[in-house]
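Morning, everyone. Please look at the model on the screen, and I will talk you through a few parts of it.

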Amino acid sequence: MEKLLSVESARKIILEKFQIKDSLLLPVSESLGRVLSRDVYAILDLPSFNNSSMDGFAVIVENIRNASNEKPVELMIIEDIAAGMAPKQTINNLQASRIMTGAPVPAGADAVVPVEFTNFSDRYYQKELPASILVNRSVSIGDYIRPQGQDIQKGERIFSQGHQLRPQDLGFLAAQGFKKIETVTQPVIALLSSGDELAQPGEVLQPGKIYDSNTIIIKSLLESFGATVINLGIARDNLEDIKNKLINIQSMHVDLLVSTAGVSVGVYDFIRDVILEDGSLSFWKVNMRPGKPLTFGEYKKVPFVGLPGNPVSAYVSTLVFIKPIINQLLGMQEKINLNTAILEEEIRSDGRESYLRAEISFDQTNYKAKLTGHQGSGNIFSLVCANALLIIPAGVKSLPEGNKVNFFWI
Ligand code: AMP
Ligand code: MG
């Protein structure tokens, strides 16, 4: 029997070669998708002052305790406080200030009465500050005031190291007044596709040729995981062309070189020969499907992963092996979001850890999984039709309809 390495062991051997990159101070405005290199703490209370959550009047609750439609309470208006203004007057007995949403609550006031609870309800015809208003409903202390520090208090931790910044995170950093933030330097990956059969979209397809789909799939995946990709293009199946495409690899200062195809036992598979001229290689048969052949090593001191040529194998191997490398370079915890679905059909496997293309639907109670078509490693359409990959553990050869299966979204 062939000796197959488990997915887990292969990943472990690979990850030992990588460590977190240096940190880099970046403008917050350029930090979407970047990863924090250290914990970040609040430097401001938010809100940073008590402010009104409604357009209305800042009042003393005691004054309007018994206010009703029948017995409205008249309050004298002493100031107009718009958002962005600092109040100058203190509210005293039977006084109020007009206040807008987001404006600071003046000293002396302990609540805001929304404009709807007063006789001053038509803001279009009553723009002028009235001398007095009638309040016809009571409120409680603190009503319609957003207190200082309600959202976060100075000194509290906002984010932990390893957090990948999303749009709302950038907004929060901006709300805290951060202009720059310490992030992990983005990993840089050089990507080389190979094959005499490959043509570029836009070219006329000659007999025997196919369009290159791996380059765009792998490049997009790597970028979505947070790496920058240097596309080295397509190498033809000969030693010279492969060497030429890799000639400047050292001066590019990449963290990883990734190739697709050309590493199996075919007569025209030359990548291994090139790598071995100035590096080292481990060839593994990994106990997974698709993506059994995996190559890992070093070329001119640059870590190297040789992905299989078949597009679905290359895709799955990128998720299973290269995403964890990028996470490690970024200092991110590996987050595996596994869900469970019920099989709508019987599934057969050959006992390798299998990643099957499936469409997951939801029937009010459970996720349900059905395969999206032929599972051959060259069939990208069944990957296009899939919204998830089912994981069939190593050693399992069949699962009946109705059985539970783990999956992750793609
Ligand atoms: P190889 O590993 O070179 O034997 O390639 C395995 C299979 O993957 C062959 O059918 C190739 O034509 C196909 N293949 C290799 N590279 C690409 C690519 N960039 N885009 C699409 N298919 C590819
Ligand atoms: Mg080939």
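I will start with the helices and then move to the loops.

One thing first. This is a predicted model. Please keep that in mind throughout.

Let's begin with helix α6. It covers residues 311-330. Is this helix mostly covered or mostly open? Mostly covered. Of its 20 residues, 18 are buried. Helix α6 is not straight, either. At Thr318 it bends by about 40°. After the helix comes Gly331. Gly331 has a positive phi, near 70°.

Now, how do we describe helices that pack together? Two packed helices are described by the angle between their axes and by the distance between the axes.

Take helix α3, residues 214-224. The axes of α3 and α6 come within 10 Å of each other. They cross at roughly 25°. Angles under 35 degrees count as roughly parallel. So α3 is roughly parallel to α6. What is the hand of this crossing? Right-handed, as α3 passes α6.

Which residues make the contact? On the α3 side, find Asn214, Ile217, Ile218, Leu221 and Leu222. On the α6 side, find Pro311, Ala314, Tyr315, Thr318, Leu319, Ile322 and Ile326. Notice Thr318 in that list. Thr318 is also where α6 bends. Now sort the contact between α3 and α6 by class. There are 10 nonpolar residues, two polar ones and no charged ones.

Stay on α3 for a moment. Its buried residues are Asn214, Thr215, Ile217, Ile218, Leu221 and Leu222. What do they pack against? Helix α6 is one of their partners. The others are strands: β12 (188-194), β15 (228-235), β16 (256-260) and β20 (302-307).

What about Ser220? Ser220 is in helix α3 too. Its relative accessibility is 38%. Buried means under 20% and exposed means over 50%. Ser220 falls in between, so it counts as partly exposed. Pick the C-alpha atoms of Ser220 and Asn119. Those two residues are 101 residues apart along the chain. Their C-alpha atoms are separated by 59 Å.

At the end of α3, look for the glycine. Helix α3 is followed by Gly226. Its phi is positive, near 110°.

The crossing is right-handed. From α1, the residues in contact are Val7, Ala10, Arg11, Ile14 and Leu15. They meet Val320, Phe321, Pro324, Ile325 and Gln328 in α6. By class, the contact of α1 with α6 has eight nonpolar residues, one polar and one charged.

On to the loops, starting with cis peptide bonds.

Where is the peptide bond between Leu46 and Pro47? Pro47 sits in the loop between β2 (40-41) and β3 (51-52). The bond joining Leu46 and Pro47 is cis, with omega about -10°. Now go to Pro290. It lies in the loop between β18 (288-289) and β19 (293-299). The peptide bond from Arg289 to Pro290 is cis, and omega is near 0°.

Next, positive phi in residues other than glycine. Ala261 has a phi near 70°. Ala261 is in the loop between β16 and α5 (271-277). Is Ala261 buried or exposed? Buried, because its relative accessibility is 15% and the cut-off is under 20%.

Gln364 also has a positive phi, near 85°. Its loop runs between β23 (353-362) and β24 (367-371). With a relative accessible area of 74%, Gln364 is exposed. Gln364 and Leu44 are 320 residues apart along the chain. Their C-alpha atoms are separated by 44 Å.

Last stop, Gly373. It is in the loop between β24 and α7 (381-384). At 35% relative accessibility, Gly373 counts as partly exposed. Gly373 and Ala386 are 13 residues apart along the chain, with 9.1 Å between their C-alpha atoms.

Notes
Residues are numbered from 1 along each chain as its sequence is written. Chains are lettered from A and ligands numbered from 1 in the order in which they are written. This is a predicted model: local features need pLDDT of at least 70, side-chain atom pairs count only at pLDDT 80 or more; totals for chains, interfaces and linings use all residues. Side-chain values use heavy atoms; hydrogens and water are left out. Axes are lines fitted to C-alpha atoms, for helices over the stretch in contact, and angles run from 0 to 180 degrees between N-to-C directions. Helices (H or I, at least four residues) and strands (E, at least two) are DSSP runs, numbered from the N terminus. Angles under 35 degrees count as roughly parallel, over 145 as roughly antiparallel, 65 to 115 as roughly perpendicular and the rest as oblique. A crossing is left-handed if the near helix is turned anticlockwise from the far one by less than a right angle, and right-handed if clockwise. Contact means heavy atoms within 4.5 Å. Ala, Val, Leu, Ile, Met, Phe, Trp, Tyr, Cys and Pro count as nonpolar, Asp, Glu, Lys and Arg as charged, and the others, Gly among them, as polar. Buried means under 20% relative accessible area, exposed over 50%, partly exposed in between (1.4 Å probe, protein chains only). The bend at a residue is the angle between axes fitted to the seven residues ending there and the seven starting there.
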